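Reader: I am new to this structure and would like someone to walk me through it. Could we take it topic by topic?

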Amino acid sequence: MAPELDTRQLNAFIDGELDLHSQLEIEARLVHDAGLRTQVEALRGLRQVVMRHADYHAAPAALRARIEALGAPPASAPAPTPRGPSAWPAAVQRWFAWRPLVASFGVLAVLTVALNLALLQSGRDEALGQEVIASHVRATLTQHLVDVASSDHHTVKPWLSARLDFSPPVPELNLPGSTFLGGRVDYLDGRPVAVLVYRQGAHIVNSFVWPGAGDSRIAFVSQRGFHLAHWSRGGMTHWVVSDVSPDEFATVVHAIDHADESH
């Protein structure tokens with residue numbers, strides 16, 4: 001019998017903070033444990049309520065001043081001010097002597113900020129990728145691949161639009177061995193998303209779509225035997241996952257992207 005999960009573990013699972021093995025292990029338990037499903041759904045509901053209705057407050061000015069003071073260099077006694085015209089050349093020389101060092105600090109600060117932003121984005125993408133894989137595994141384990149079963153995008157698109165706050169692109173792929181199975185509504189990145197489901201040969205391909213900002217090129221990555229691709233186009237974020245071969249996966253991803261571009 002599997003050990004009971006405490007609240008801390010469940011909260012980490014809801015927030016996608018567990019490693020992929022633990023995330024998939026709990027996903028597998030959810031299939032057979034109705035009590036655990038009830039706990040998870042309750043926590044997800046609470047998370048949504050907090051995200052939508054919690055108040056946000058700006059930090060008081062006094063607190064900001066104290067934090068800024070912690071990062072300020074210690075005050076030192078003022079250096080004696082040279083007097084007379086001969087002091088100016090020395091001051092100018094000191095300034096020019098410091099300029100390369102000041103420029104170096106500036107470049108270093110910019111690089112540090114850029115590196116931190118890149119690491120934050122990379123960590124966010126990795127966590128989101130684990131959520132995508134977990135959703136893919138959950139759908140295949142439960143055989144609940146679609147909510148609306150149809151190969152006609154004229155049926156699937158309005159069904160999804162009626163249940164989401166956006167209208168997702170619903171391409172039918174003209175690829176050998178590819179079948180459009182339909183769509184479902186899932187929960188990803190803290191919000192409901194559209195999922196388009198294709199069968200490529202004997203493999204299932206899940207394509208997640210939700211509103212996003214900006215455009216980005218397709219990025220491919222593999223985690224634990226699954227292939228992932230993500231990009232943004234036309235105000236929509238796309239994440240695709242499957243265990244199909246890498247070449248077939250790339251073909252499907254580009255077909256989805258091109259079909260989306262033509263819509």
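Author: What follows is a conversation about strands, aromatic pairs and pockets.

Author: Please keep in mind that this is a predicted model, in which local features need pLDDT of at least 70 and side-chain atom pairs count only at pLDDT 80 or more, while totals for chains, interfaces and linings use all residues. Residues are numbered from 1 along each chain as its sequence is written, and side-chain values use heavy atoms, with hydrogens and water left out.

Reader: Okay, let's start with strand β3: is it mostly covered or mostly uncovered?

Author: Strand β3, residues 191-200, is mostly covered, since 7 of its 10 residues are buried. Buried means under 20% relative accessible area, exposed means over 50%, and partly exposed lies in between, with a 1.4 Å probe and protein chains only. Strands here are DSSP runs of E with at least two residues, helices are runs of H or I with at least four, and both are numbered from the N terminus.

Reader: And how many bridges join β2 to β3?

Author: Strand β2, residues 178-188, runs antiparallel to β3, and 10 bridges join them; two strands pair if DSSP finds at least two bridges between them. Gly 183, for instance, has Leu 196 in β3 as its bridge partner. β2 and β3 form a hairpin with 2 residues between them, and Asp 189 in the turn has a positive phi of about 55°.

Reader: What about β3 and β4, in which sense do they pair?

Author: β3 and strand β4, residues 203-211, pair in the antiparallel sense over 7 bridges. Tyr 198 stands opposite Val 205 in β4, and Val 197 stands opposite Asn 206 in β4. A hairpin with 2 residues between the strands is formed here too, and Gly 201 in its turn has a positive phi of about 65°.

Reader: Where does β4 go from there, I mean, what else does it pair with?

Author: β4 also pairs with β7, in the antiparallel sense and over 7 bridges, and Phe 208 stands opposite Trp 239 in β7. β4 is itself mostly covered, with 7 of its 9 residues buried.

Reader: Switching topic, how many aromatic pairs are there?

Author: The count comes to 2 aromatic pairs, under a rule that pairs rings of Phe, Tyr and Trp (its six-membered ring) if their centres lie within 6.5 Å, with planes under 30 degrees apart counted as stacked, over 60 as edge-to-face and the rest as tilted. Phe 180 and Tyr 198 form a tilted pair, at 5.2 Å centre to centre and with 35° between the planes. This pair links distant parts of the chain, as Phe 180 is in strand β2 and Tyr 198 in strand β3, 18 residues apart.

Reader: Is Tyr 198 buried or exposed?

Author: Tyr 198 counts as buried, at 1% relative accessibility, and Phe 180 is buried as well, with a relative accessible area of 7%.

Reader: Then which residues make the edge-to-face pair?

Author: Phe 220 and Phe 249 make that pair, at 6.1 Å centre to centre and with 75° between the planes. Phe 220 lies in strand β5 (residues 216-223) and Phe 249 in helix α7 (residues 246-262), so the pair ties together parts that are 29 residues apart in sequence. Phe 220 is partly exposed, with a relative accessible area of 41%, whereas Phe 249 is buried, at 2%.

Reader: Last topic, pockets: how much space lies in the largest pocket?

Author: About 340 Å³ of space lies in the largest pocket. On a 1 Å grid over the protein atoms alone, a pocket is an open set of points where a 1.4 Å probe fits, with protein on both sides within 12 Å along at least five of seven lines, and lining residues have an atom within 4 Å of a point. Grid points are joined across faces, edges and corners, and a volume is the space filled by probe spheres set on the points.

Reader: Which residues lie nearest its centre?

Author: The largest pocket is lined by 16 residues, of which Glu 27, Glu 41, Arg 44, Arg 138 and Asp 186 lie nearest its centre. α3 gives the most to this lining, with 5 residues.
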